[in-house]
Amino acid sequence: TTSNSAATTTMPDVFLIVVISIMSCIGVGWLLLDGWHTIPGWIWKDKDENAKRNDEKPTDDGSKSTRSGSSRSSTANNEGGDDDMSSLSAIAQKLTKLFDVMQAKLSIPAMVDGMNNSKEDDDLLFPLLATIQLLAQYKERFEGERTQLYAKSGRAGTPADLDGLQLGFELADLAYENNTDRLRQQLSEKYGFRLLKHDVTVLPGYLGHYIALHKKTKTALVGVRGTSSFEEMITDCCGLSVTHTLTDGTQMTCHEGIYISSKRLADDLVDFVEELILPAGYKMKLVGHSLGAAGAALVALMLKASIPSLNSGNMDLKSILSLSFDPTKGDERLSVLAYASPPVLDFSNAEKCSSFITTVVNNADIIPRCSLSNLQIASEVLQGVKRKLKEKGMEDNRPETIWKQLSRGTDGELLMELEEYEESLDKAKAKISIDDSENLFCPGKIVVLYDKWNQNKSFFDEKDGNDSNDDDTIKDTKTAIGFVVPDEKGGTTALRLFDWSERMVSDHFSAAYRSSLKSIVDMTEPKDFA
């Protein structure tokens, strides 16, 4: 009786457990199914590619033939490998090559069985924290030094350097618009452009863009979208420096992922430009922000290489890049306004594009500084800080040692005097050659906007949108206090160092660029964009 009673009392509990288990399994299954359907189709391309490879037979000449008898050779894009970025395996290969180069350049110890084989060289956490503390101390005590660094990075900008930059930015920012009707309305009502095409493709190795015409000024505008999706982030990350030869023989070393996506867009545009735009007497303008800026620059180079009539005097691109140009005199047939471009070209070609490409960099924006050479410089500086910690008997990574140093905040004793830190920076820069083909730079003429070091307005709370009005800029502050046009182009001091600041990420956002441009352009009436 007692046993039956116990069994009876536990039956509801068992039933409840079974029901909960079944419901949990259904819930997990539903989540997995929903997640399965949300995975982009391009990720499954590997499966189809593997099936194709299984159907292929090697031939005597090393190529592969399909069952239909057609031949397909294994194509490599010079040093950069295959142009395919639509499968995980292709992307993984590109990232692996990039990591191998970074490991060699940055002297990162090899990994053995998932563990670092050289703990001594890998202990950079404390030096990194100490460097951040040191920079905060400099910021507190030597406020004017950073402004001086920017001011000395090039000649002071003039109103002529600002022509069209504010309006060009608004047109570049419109490339992020995914709604075609809204884009068409804004282009027409605000700027007088007629939308011809709006491509919102989201895939690794593709550039979303729009094409519009301005009949009155005979301007054909191409706005290239920047990074706004995971797929475009993959394009950014495939950043190996690869060398390519353009159709007219011009050689350039550039960012692999951006080259692949730019070539695809340039191939789509070349007939449109050569057969329609130029015969109609239109000139080309390309604009973009972030990834879109770098893409616009490379597309322009490819179009100029393919269509000599786009160049002044009908010269080919190779001849143009061999000449010295006055940066104040632009190329009227094709020009690019690039905002927040990542480093995308070797120094020689980046410098020679100043007649038709203008790159705008806002303050501490980290993206135009995300280069292998800057990482090398930062690594050298960290090693110097590590040596300084060792001199002061603080080289160990014990929590109490770290806490004792960091708890002093900005009021504590300086680990290194400013002059000593600047000397270490100079030595680090001297070790890195700007002519090294693996080091990339921002293209063309550079316009650097900057403000005071202690002006720490955040842009994270800014309203989204494309309208150029007071709601989309920083209120009650003059964001940019000056701007320079560096003589060294992409190799300028202001861009060869990471500007360690709490704004180094937010200065990349559209609201930050809009605010800085507004405050600078307000000092003069900008000329018409066209």
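I began with a definition: buried means under 20% relative accessible area, exposed means over 50%, and partly exposed lies in between (1.4 Å probe, protein chains only). The model is predicted, so I kept local features to pLDDT of at least 70 and side-chain atom pairs to pLDDT 80 or more, while totals for chains, interfaces and linings use all residues. Residues are numbered from 1 along each chain as its sequence is written, and side-chain values use heavy atoms, with hydrogens and water left out.

Entry one, Gln133. I found Gln133 in helix 5 (residues 125–141); helices here are DSSP runs of H or I with at least four residues, strands are runs of E with at least two, and both are numbered from the N terminus. Gln133 counts as buried because its relative accessibility is 8%. Leaving out residues up to four places away in sequence, I saw Gln133 touch Gln405, Leu406, Arg408 and Gly409, a contact being heavy atoms within 4.5 Å.

Entry two, Glu417. I placed Glu417 in the loop between helix 15 (399–406) and helix 16 (418–431). With a relative accessible area of 44%, Glu417 is partly exposed.

I noted 17 helices and 18 strands in the protein chain. Of its 530 residues, 48% count as buried. Among contacts between residues at least 6 apart in sequence, 77% join residues at least 24 apart.
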